[in-house]
Amino acid sequence: MHSIFVSDLHLCPTRPAINRIFFEFLHGPATQAEALYILGDLFEYWAGDDDDDPFNASVLASLRDLTGHGVALYLMHGNRDFLIGERFTTACHAQLLSDPTLVNLYGTPTLLMHGDTLCTDDVRYQDFRTKVRSPEWQQQFLSQPLAARKQIVAGLRAENAEEKQLKSEAIMDVTGASMEKELRVHGYPRLIHGHTHKPALHRHIVDGHNCERWVLSDWYRLGEYLQCDAQGCRVIKLPAAQCN
Ligand code: MN
């Protein structure tokens with residue numbers, strides 16, 4: 001028995017090659033797992049569950065097929081798709097996880113996060129996050145017509161891309177202090193997160209405890225997932241999609 005973890009797929013209709021890899025993954029390796037955990041940024045952006053464009057609908061249908069196979073599906077919000085709501089999760093039988101969530105993974109306590117809350121040096125982003133995660137902002141945003149919401153999202157994405165150019169790599173990475181704090185608070189578990197797009201296995205010693213930190217890959221060029229069982233975790237890279 002094993003569970004698999006992905007994040008930062010950033011799915012959108014304009015990246016068909018990666019979308020094919022994702023659909024093949026859902027219909028192939030994912031069906032062999034006990035559970036699939038999507039730790040944020042499944043979508044490049046999410047304007048609301050009522051955005052039922054055909055691409056979103058096809059992702060939803062494939063996720064529903066997977067849970068129909070008996071695979072448990074867990075979804076965590078990322079900084080791009082934090083507006084995924086109950087309508088979406090109910091339709092694909094996913095369970096929404098809060099960030100962070102501590103799970104017992106085949107005997108090993110494992111902390112699951114998207115990862116953006118660990119990037120505490122990026123003060124501007126953390127301020128933005130606080131604003132857009134507030135119920136007031138979300139209520140106000142979601143009360144607007146879909147077309148207007150999409151326009152706002154497009155504006156935010158353009159702003160974000162510009163800002164990223166100006167920020168140093170270090171500012172957008174996880175800080176040691178915030179990570180150690182999370183590990184300490186949760187009893188020194190294994191940590192799995194995404195967001196930074198810097199896939200790696202780090203080994204940290206926190207207060208004398210050995211903690212593994214697995215950083216998941218994005219799916220910009222190819223896809224990969226982390227597979228964990230009672231023996232531990234390993235990265236599995238997916239082949240490029242067949243061209244047909
Ligand atoms: Mn992210």
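A polar contact is a pair of N or O atoms within 3.5 Å; within protein, one must be able to donate a hydrogen and the other to accept it, and residues adjacent in sequence count only if both atoms are side-chain atoms. This is a predicted model, where local features need pLDDT of at least 70, side-chain atom pairs count only at pLDDT 80 or more, and totals for chains, interfaces and linings use all residues. Residues are numbered from 1 along each chain as its sequence is written, and side-chain values use heavy atoms, without hydrogens and water.

**Stop 1: S7.** Select S7, in the loop between β1 (3-6) and α1 (16-27). Helices (H or I, at least four residues) and strands (E, at least two) are DSSP runs, numbered from the N terminus. Now show D8: a polar contact of 2.6 Å joins the two side chains, S7 and D8. S7 has a relative accessible area of 0%, so S7 is buried (under 20%; exposed is over 50%, partly exposed in between; 1.4 Å probe, protein chains only).

**Stop 2: D41.** Move to the loop between β2 (35-39) and α2 (54-68) and pick D41. Its side chain reaches the backbone nitrogen of N79 at 3.1 Å.

**Stop 3: α7.** Select residues 176-185, helix α7. Which residues are buried there? S178, M179, E182 and L183 are. They span an arc of only 135° around the axis, so they sit on the same side of α7. The arc is that of the directions from the helix axis to the C-beta atoms. Turn to the face away from the buried side: exposed A177, K181 and V185 are there. Finish just after α7, at G187, which takes a positive phi of about 80°.
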